[in-house]
Amino acid sequence: MPNPEAPDVRLKRLHMRSIRRGIKEMDLILSKFSDRQLHHLTGEELDVYEALLNENDQDLLGWVTGQFPPEEKYKQLILKIESTALQP
């Protein structure tokens with residue numbers, strides 16, 4: 001069985017995926033969230049965040065901006081991302 005990814009390596013990988021998205025708006029929103037909140041997430045929340053990063057950027061943008069409701073599995077995480085995006 002391969003060694004699981006070290007927590008600090010996982011956070012760095014998720015951060016890089018957060019700041020290098022397909023559209024600039026998501027780069028800005030997710031880089032801010034990643035900088036401020038990623039290290040506070042639980043293992044389960046990181047699993048959900050990682051799955052969220054596999055979603056289409058247009059869907060992500062629509063969920064975060066409230067254009068349409070997020071999938072149920074992402075609702076709590078989207079609320080956290082929205083909250084962080086609104087902070088100065």
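A: The structure, which is a predicted model, holds 2 aromatic pairs, where rings of Phe, Tyr and Trp (its six-membered ring) pair if their centres lie within 6.5 Å, and where planes under 30 degrees apart count as stacked, over 60 as edge-to-face and the rest as tilted. Phenylalanine 33 and tyrosine 49 make up one of them, a tilted pair with 5.4 Å from centre to centre and 40° between the planes. Phenylalanine 33 belongs to helix α2 (residues 24-37) and tyrosine 49 to helix α3 (residues 43-53), so this pair ties together parts that are 16 residues apart in sequence; helices (H or I, at least four residues) and strands (E, at least two) are DSSP runs, numbered from the N terminus. Phenylalanine 33 is buried, its relative accessible area being 0%, and tyrosine 49 likewise counts as buried at 0% relative accessibility, with buried meaning under 20% relative accessible area, exposed over 50% and partly exposed in between (1.4 Å probe, protein chains only).

Tryptophan 63 and tyrosine 74 have ring centres 5.5 Å apart and planes at 40°, so this pair is tilted. Tryptophan 63 lies in helix α4 (residues 57-64), while tyrosine 74 lies in the loop between α4 and α5 (75-86), so the pair ties together parts that are 11 residues apart in sequence. Both tryptophan 63 and tyrosine 74 are buried.

The helix that carries tryptophan 63 is itself mostly covered, since 6 of the 8 residues of α4 are buried. Those buried residues are Asp57, Leu60, Leu61, Gly62, Trp63 and Val64, and they pack against α2, α3 and α5, a contact being heavy atoms within 4.5 Å.

The loop that holds tyrosine 74 also includes glutamine 67 and proline 69. Glutamine 67 counts as exposed at 60% relative accessibility, and proline 69 is exposed with a relative accessible area of 64%. The C-alpha atoms of glutamine 67 and arginine 17 are separated by 23 Å, the two residues being 50 apart along the chain, whereas those of proline 69 and aspartate 59, 10 residues apart along the chain, are separated by 9.6 Å.

As for the whole, the protein chain has 5 helices and 0 strands. Its radius of gyration, taken over C-alpha atoms, is 13 Å, close to the 12 Å that the globule rule (2.2 Å times the number of residues to the power 0.38) gives for 88 residues, so the protein chain is as compact as a globular protein of that length. The C-alpha trace spans about 40 × 25 × 25 Å along its principal axes, and buried residues make up 36% of the 88 residues. Of the contacts between residues at least 6 apart in sequence, 58% join residues at least 24 apart.

Residues are numbered from 1 along each chain as its sequence is written, and side-chain values use heavy atoms, with hydrogens and water left out. Because the model is predicted, local features need pLDDT of at least 70 and side-chain atom pairs count only at pLDDT 80 or more, whereas totals for chains, interfaces and linings use all residues.
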